[in-house]
Amino acid sequence: MNTPMDGFGGAAIEALRAQAATALAAAAPAVLVHADGTLIAANASGRAVLDEASAAAFAVRLAPGLRPGRPARMERLRLPGRLTPATFACSLLVSGTTRAVLLVGLDAVPTIEAAAPTVAPAPSRTEEPTAPALPARFTWRTGLDARLGAVDPRLAAALGRTPEDLVGLDWHALGAPGAHRAVLEGLSFNHLPVLLPTTYGDALDIELGGAPIRGEGMRGFGIVKGRQPVPAGLVREAAPEPVTPTAPARMATPQPPVAPAPPAAPMPPAATEGQPPVRVTLSIVPSAPNVVPLRGNGEGARTDNGRGENARASWEGLSNGERNAFREIARALGARLEGVDDFGELPASEVPTPAEEAQAPDNAQEATTPEAPTFRDETAAPSPPVSMPPSVIAPAMPAPRPEPDGLQRVLADGERPVLDRLPLGMIAFRGDRLLYANRALLDWTGHADLAALEAAGGLAALFGDAPEADEDDGRALTITTAAGLPITVEARLMSAPWEGGMAMLYVLHRVAGAPVSPAVETDERLRQAELALREAESSSRELRAILDTATDGVVLIDAAGTILSMNHPAEALFGFNAGDVKGEAFTLLLAPESHRAAVDYLDGLASNGVASVLNDGREVIGRVREGGLIPLFMTVGRVGEDPTKFCAVLRDITQWKKAEEELIEAKRLAERANLAKSDFLAKISHEIRTPLNAIIGFSEVMMEERFGAIENQRYRDYLRDIHASGEHLISLINDLLDLSKIEAGKLDLAFTSVSLNEIVQQCMGIMQPQANRERIVVRSSLATDLPPVVADARSIRQIVLNLVSNSVKFTQPGGQVILSTTLTENGEVVLRVRDTGIGMSEADVAIAMEPFRQIATSGRAGSGGTGLGLPLTKALAEANRASFNIRSAVDVGTIVEITFPSTRVLAE
């Protein structure tokens with residue numbers, strides 16, 4: 001025990017030792033260090049775990065934060081040669097003015113053969129040593145010679161040996177030839193099962209994982225799954241000579257075998273001459289079904305001749321395992337990293353020689369199959385050792401290669417968003433310093449950025465404080481979030497170039513459906529419930545805001561008609577606050593004459609009758625607070641599945657009522673005007689027609705000179721004018737009566753089978769004398785076998801006469817008027833009247849179709865007309881269920897078409 005006394009009083013030091021005597025006498029590592037960093041005392045386990053420099057640094061850092069007389073404080077301290085921090089109980093001891101820090105390790109205690117500070121009775125020779133508790137994990141590191149450099153005390157204690165005994169040995173010497181072969185190959189590996197014999201008569205069942213570190217050998221971790229008995233008759237094989245781990249060892253030429261010495265160990269009692277030799281078969285633990293293993297070396301490798309030599313050189317510094325790892329990352333991104341797939345063929349230095357190819361079958365299975373712990377049956381004949389050629393045992397170190405620029409570019413700041421998009425958690429570190437954590441890992445743990453993760457404790461807080469994952473195969477790890485919740489993940493450890501140097505890279509895959517502790521499940525349920533509550537509150541506020549934005553009043557009532565609540569538009573509509581009318585009857589908001597309608601409406605909905613299905617609303621009268629009345633349209637419906645709550649939507653229909661009253665008043669005025677017109681036409685029919693008939697009759701008698709001759713010729717001319725004027729006036733009156741009857745729908749029509757060709761020929765005969773006087777040619781083009789139509793013969797005759805009269809009237813001498821009939825393909829009958837007159841523009845046509853409107857298109861004086869020809873013709877055509885169409889052009893002529901639909905055409 002190192003007990004320096006310089007600068008300290010002997011009594012104070014002895015008092016501090018007395019206070020720490022119990023801890024120093026225990027098997028757990030214990031170190032007593034002065035507050036200024038000077039080592040006072042330490043037991044054998046403490047010296048094995050902590051060196052003097054580390055203990056001094058911890059004491060100087062922890063002493064200001066500790067208080068004497070307080071319970072020990074747990075600290076996670078990073079020890080040399082370990083990936084994960086160790087837990088120490090730290091206490092401050094005081095004797096006078098002298099202060100010291102006592103560090104007691106709480107992790108697995110290494111077994112130390114040296115004597116403890118306190119004397120204990122020697123155990124009996126027949127007493128077997130007791131195996132200590134198994135550690136969950138441990139770390140390991142090998143050098144370029146494949147021998148262990150730094151040994152985790154937890155592994156040494158589990159094997160029953162001291163760390164100093166294990167330093168300098170390789171995995172083959174410890175009983176794990178498969179692990180030794182993986183270290184010699186220099187490739188990343190994981191989930192490698194091995195059995196390590198211990199001094200307690202059993203073996204440790206361990207899974208190893210490791211990754212190469214350029215220029216430093218291999219570094220990795222192990223997971224202890226339990227203890228197993230050593231199979232009887234099996235001992236460890238002798239370790240082969242180590243080789244350089246930069247490339248797999250290959251023999252240039254086979255060497256002659258050397259006769260080995262006979263084994264000195266005695267035959268085990270289980271193997272006798274009468275029994276066959278014992279053969280033990282160890283199977284490899286299969287991969288978990290939810291783990292996608294990285295492809296082996298050479299899988300999927302291909303050569304792209306189009307790649308440039310620059311991209312090829314940028315990846316030459318990587319091993320095949322590292323290339324495969326980044327191929328998987330590129331495949332997850334849906335792209336291919338530059339230069340990765342250019343190395344489907346091995347470099348020239350790794351191409352096997354013909355002699356090596358002869359041994360390829362043996363070496364191929366050895367390189368591609370994960371090795372289980374290999375044991376040798378002593379009952380079988382020993383195999384002769386193979387001597388290594390000098391070129392293989394001590395190969396020349398290759399010249400240093402340039403840094404892999406391609407990979408460094410991928411991991412540079414400009415390309416790190418690519419890693420942030422991966423669904424895997426990634427964290428890069430070098431020693432105790434974190435270099436990078438992608439967004440997926442930060443989201444899982446709840447840290448804002450890398451600085452927050454570093455401030456929370458870094459890797460120690462991420463991996464150290466989490467409980468162990470309860471997995472049968474031991475492949476899952478547990479990380480701790482910022483809130484202290486564990487997350488089960490599967491980890492892959494590899495080395496990668498980062499910022500000009502090598503760094504370790506953890507790739508974490510979150511395990512779906514991993515079991516969680518009841519406390520974590522309760523916390524998760526509570527968090528989910530809080531999130532659901534906040535979402536429900538937010539949704540409720542949004543719905544309330546929407547209801548308050550609507551223009552309709554919404555009132556919530558129960559089955560008894562009691563007001564429960566109402567929105568802001570309802571408050572503005574009735575002038576009541578929601579709190580003032582809460583609990584009052586719903587009829588408070590309605591006028592007395594609407595109470596019965598509202599109550600019956602609500603009862604019909606509550607009884608699930610027909611009213612609940614045919615919910616068409618009701619018109620009610622609302623009552624405002626100031627005493628006024630407003631017309632409302634009320635719609636009531638159920639609220640969700642609750643049969644006791646109803647929602648009444650009230651809409652102010654004051655504007656609708658005003659518009660309705662205006663329409664009613666306009667209708668009343670129109671009916672009054674129509675009645676006045678009818679009265680006027682009736683008076684014309686009775687009061688004017690009778691004297692006109694007398695005038696026309698007497699003028700005819702005088703023109704015929706029945707009671708004597710009229711000698712003066714001028715009197716005869718006057719009588720003819722009187723007769724013509726009377727005829728014109730009676731025709732005008734008849735047209736007015738017909739037009740008014742058509743508009744009122746009171747025109748009496750006698751629909752019969754009418755032959756259009758016959759009516760057209762009759763009208764041509766009537767209008768022929770007038771056309772002859774105007775020197776206008778009237779022609780016809782009538783279709784043969786034209787079917788008859790259903791129409792009124794008198795009105796059809798009047799239509800033809802009006803159209804021919806207008807054509808003759810507005811056609812210059814020498815012009816033509818053509819009448820034609822035809823049957824279309826659709827079964828329609830068309831009557832056309834065409835002339836070569838002066839024509840009309842589109843504006844003139846619109847004017848001509850209005851009653852009593854005339855256009856000044858005729859250059860001839862005395863053409864006359866009342867402006868009722870075209871309007872009356874159109875009205876008569878529509879009364880016969882036919883369509884009227886007019887087309888005209890100035891100085892070209894006019895064509896009018898009367899089309900009878902197929903439904904008005906009789907079959908032949």
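These legends go with a handful of close-ups of a predicted model. Local features need pLDDT of at least 70 and side-chain atom pairs count only at pLDDT 80 or more, while totals for chains, interfaces and linings use all residues. Residues are numbered from 1 along each chain as its sequence is written, and side-chain values use heavy atoms, with hydrogens and water left out.

**View A. Trp 140 stacked with Phe 189.** The structure holds 5 aromatic pairs (rings of Phe, Tyr and Trp, the last by its six-membered ring, with centres within 6.5 Å; planes under 30 degrees apart are stacked, over 60 edge-to-face, the rest tilted). In this stacked one, Trp 140 and Phe 189 sit 6.3 Å centre to centre, with 25° between the planes. Trp 140 belongs to strand β6 (residues 137-142) and Phe 189 to strand β8 (residues 189-197), so the pair ties together parts that are 49 residues apart in sequence. Helices (H or I, at least four residues) and strands (E, at least two) are DSSP runs, numbered from the N terminus. Trp 140 is buried at 3% relative accessible area, and Phe 189 is buried at 14% (buried is under 20%, exposed over 50%, partly exposed in between, with a 1.4 Å probe and protein chains only). Bring in Trp 171, and ring pairs link Trp 140, Trp 171 and Phe 189 into a cluster.

**View B. Phe 463 tilted against Tyr 506.** Here the centres are 5.1 Å apart, with 40° between the planes. Phe 463 comes from helix α17 (residues 458-464) and Tyr 506 from strand β17 (residues 501-510), so this pair ties together parts that are 43 residues apart in sequence. Both Phe 463 and Tyr 506 are buried.

**View C. Arginines over ring faces.** Arg 618 lies over the face of Tyr 601, at 4.5 Å from the ring centre. Arg 904 does likewise over Phe 751, at 5.0 Å. To count, NZ of Lys or CZ of Arg must be within 6 Å of the ring centre and within 35 degrees of the ring normal.

**View D. An open sheet of 5 strands.** The order is β19-β18-β22-β21-β20, with antiparallel pairing (two strands pair if DSSP finds at least two bridges between them). β19 (563-566) and β20 (618-623) stand at the edges with a single partner strand each, so one side of each is left without a neighbour in the sheet. β20 runs antiparallel to β21 (residues 629-639), joined by 6 bridges, and Glu 619 stands opposite Phe 633 in β21.
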